[in-house]
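Please keep the sequence and coordinates at hand while reading.

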Amino acid sequence: MIVIGGGINGTSTAQSLAAAGYTCLLVDKGDFGSGASARSARMLHPGLRYFEARNPVAHFGLHPGRLRDALRGAREAMQSVSEHLKDAGERIWPYRMCFPVYKGDAFKSWHVSAGIKLLEWLGDGSVPFDYERIRSDYEAKIPFIGDLRDVNSLEAIACYNEFKFDWPERFCIDMALDAERNGAVVVNHCQARLGARGADGSWAVSLADPNQPALESAVVTGRLVANMAGAWIDRVAPPSEPQNRCIQGTKGIHIVVEMPETYRGFGIASLNSLGEPHYVLPLHKTLYSIGVTETLFEGDPGEVTASDEEIDFLIAETNHLLPGRRLTRKDVLRSWAGVRPLTYSATAPKGSRARVLHDLEAKGYPGVLALTGGPIMTHRSAGRLVREAVAARLQPSRPQGKLNTAPFAFSESANSPPFLEDEPDVRIADLEVAVTAEHARSLDDVLFRRTGLAWRRALTDEDVDRAAEIVGPHLGWSPGDRAEAVAAFLRLQESTFRRPQG
Ligand SMILES: Cc1cc2nc3c(=O)[nH]c(=O)nc-3n(C[C@H](O)[C@H](O)[C@H](O)COP(=O)(O)OP(=O)(O)OC[C@H]3O[C@@H](n4cnc5c(N)ncnc54)[C@H](O)[C@@H]3O)c2cc1C
């Protein structure tokens, strides 16, 4: 079994297959979790988003198909929140989401109440929403109420608990490592190319280091291939006709700003001027992320950054929601952008959010499965879905193992000092473990995905230099390699988190 793509859905698939006893190779052209899975809003939301529309009654009432997809997505989301609350508590954190609704809006606060009721009905009772529809005395309950637009025109503020992943890339690493513990071979920084199909039905897949094109590629064969390459799925298995494509990419951006203490523990949800979701979400300490945008995207998903126009759009929408913040470009500490690998649909101009497992046989790729439209939050059920589809075609070759969903602890080295004074939970030894036991090969592997430090604040030249000093000897770096690695990381940090001009 060959799994191409080590994002949240590919690593979950490899974990599930390896635990079920399949001989499995997981391969990613970059690092595990370096695609869309690193660029999300990180929401583990219980599914209310599936019902958000400017006029939900018309949106769903006139289109039963939309309602069916929304109910399915919401059920999967509720199941996912329950599962994560049970066994990944350290990496999931709750906050209080506030949804202000104004008199005269087509979207009413009872729509939120009905949505929450629906979610409770779809779930198993283990998700504590603590739902409240606040209709008066806002000052006592919402500490940042003074920033909100036209408080006298509020119909209500709907409040309920939501959850966030901290941070999804680490889930990818943990799942890849668990797959490895159960016998999978896991390889990052290695591009897979689907080759020919042999007489016995096996696929040849060539593997090459994208950074060293001169090296000869290796070839492996697999009875089945799971194409989990996200927005790159149609590049891995090109469609014969444009209408046979699997993926519709949409670009989404976020900005990061500092918010006052009055926002601590709260998030805000609303609909923007296009009728699409707009979120102000806690990120780390007093840092907040604001998003999101949604525009069609057809370019290289690896090259995507936030433009000044997109940043201005988010600033304007936030100032409409929270005029008291008076945000300007100068407040934007960083931005990030990503491409959602949504399901292509001839009838949905921005792609469909329905998660689909495609059997590509009819499209000329027998024995190749591909998953589209899978968000972060339902990655566990995505892994199970692929495993069940594989089980219908192939017997496992080894005894079953045990799938471990507990977050991996960092190094055992409790005596190791923190790497950064202001982030005491990440120790120097953790950086060493990243490169000696967790397949990290570069500073961005370590500082973005193994430790998450790059998400917490802008790392200085000095921080990065120290990180290189710690990991360099384990990676056999010469002083020249080290300087190059530091410079490459700083360039990447700047482009990933691009700040607007002016
Ligand atoms: C702006 C934005 C906000 C979002 N917010 C949320 C949210 O709040 N909550 C949520 O649940 N979801 C959210 N999502 C959606 C979520 O991020 C994606 O749906 C999910 O990460 C997709 O995961 P994936 O594993 O399918 O794809 P990816 O994470 O993109 O993984 C695909 C992997 O395949 C690899 N690959 C590609 N080609 C090859 C090849 N030839 N050989 C080897 N490897 C290859 C890539 O390097 C990549 O790592 C958001 C997405 C965006 C863009």
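## Aromatic pairs

Phe 99 is buried, at a relative accessible area of 3%; buried stands for under 20% relative accessible area, exposed for over 50%, and partly exposed for values in between, with a 1.4 Å probe and protein chains only. The model is predicted, so local features need pLDDT of at least 70 and side-chain atom pairs count only at pLDDT 80 or more, while totals for chains, interfaces and linings use all residues. Residues are numbered from 1 along each chain as its sequence is written, and side-chain values use heavy atoms, with hydrogens and water left out.

The whole structure contains 12 aromatic pairs. Rings of Phe, Tyr and Trp (its six-membered ring) pair if their centres lie within 6.5 Å; planes under 30 degrees apart are stacked, over 60 edge-to-face, and the rest tilted. Phe 99 and Phe 107 form a stacked pair, 5.1 Å centre to centre with 10° between the planes. Phe 107 is also buried, with a relative accessible area of 8%. Phe 448 and Phe 489 form a tilted pair, with 5.7 Å between centres and 50° between planes. This pair links distant parts of the chain, 41 residues apart: Phe 448 belongs to helix α11 (residues 443-450) and Phe 489 to helix α14 (residues 479-496). Helices (H or I, at least four residues) and strands (E, at least two) are DSSP runs, numbered from the N terminus.

The charged end of Arg 42 sits over the ring of Trp 455, 4.5 Å from its centre. Likewise, the charged end of Arg 149 sits over the ring of Tyr 102, at 4.1 Å from the centre. The criterion is NZ of Lys or CZ of Arg within 6 Å of the ring centre and within 35 degrees of the ring normal.

## Helix packing

The axes of helix α6 (residues 168-181) and α11 come within 8 Å and cross at roughly 110°. The two helices are therefore roughly perpendicular; angles of 65 to 115 degrees have this label, those under 35 count as roughly parallel, over 145 as roughly antiparallel, and the rest as oblique. Glu 169, Arg 170 and Ile 173 of α6 meet Phe 448, Arg 449 and Arg 450 of α11, where contact means heavy atoms within 4.5 Å.

Helix α3 (residues 64-87) and helix α9 (residues 379-391) pack at about 110°, with axes 9 Å apart. The contact involves Gln 79, Glu 83, His 84 and Asp 87 of α3 and His 379, Arg 380, Ser 381 and Arg 384 of α9. Arg 380 is buried, with a relative accessible area of 10%. Beyond its neighbours within four places in sequence, Arg 380 contacts residues including Ser 12, Ala 88 and Thr 405.

## Backbone geometry

A cis peptide bond joins Asp 166 and Trp 167, with omega about -5°; Trp 167 lies in the loop between β6 (154-165) and α6. The bond from Gly 291 to Val 292 is also cis, with omega near 15°.

Asp 150 has a positive phi, near 40°, though not a glycine, and is partly exposed at 44% relative accessibility. For Lys 285, another residue other than glycine, phi is near 50°; Lys 285 lies in the loop between β14 (277-284) and β15.

Technical notes
Axes fitted to C-alpha atoms, helices over the stretch in contact; angles between N-to-C directions.
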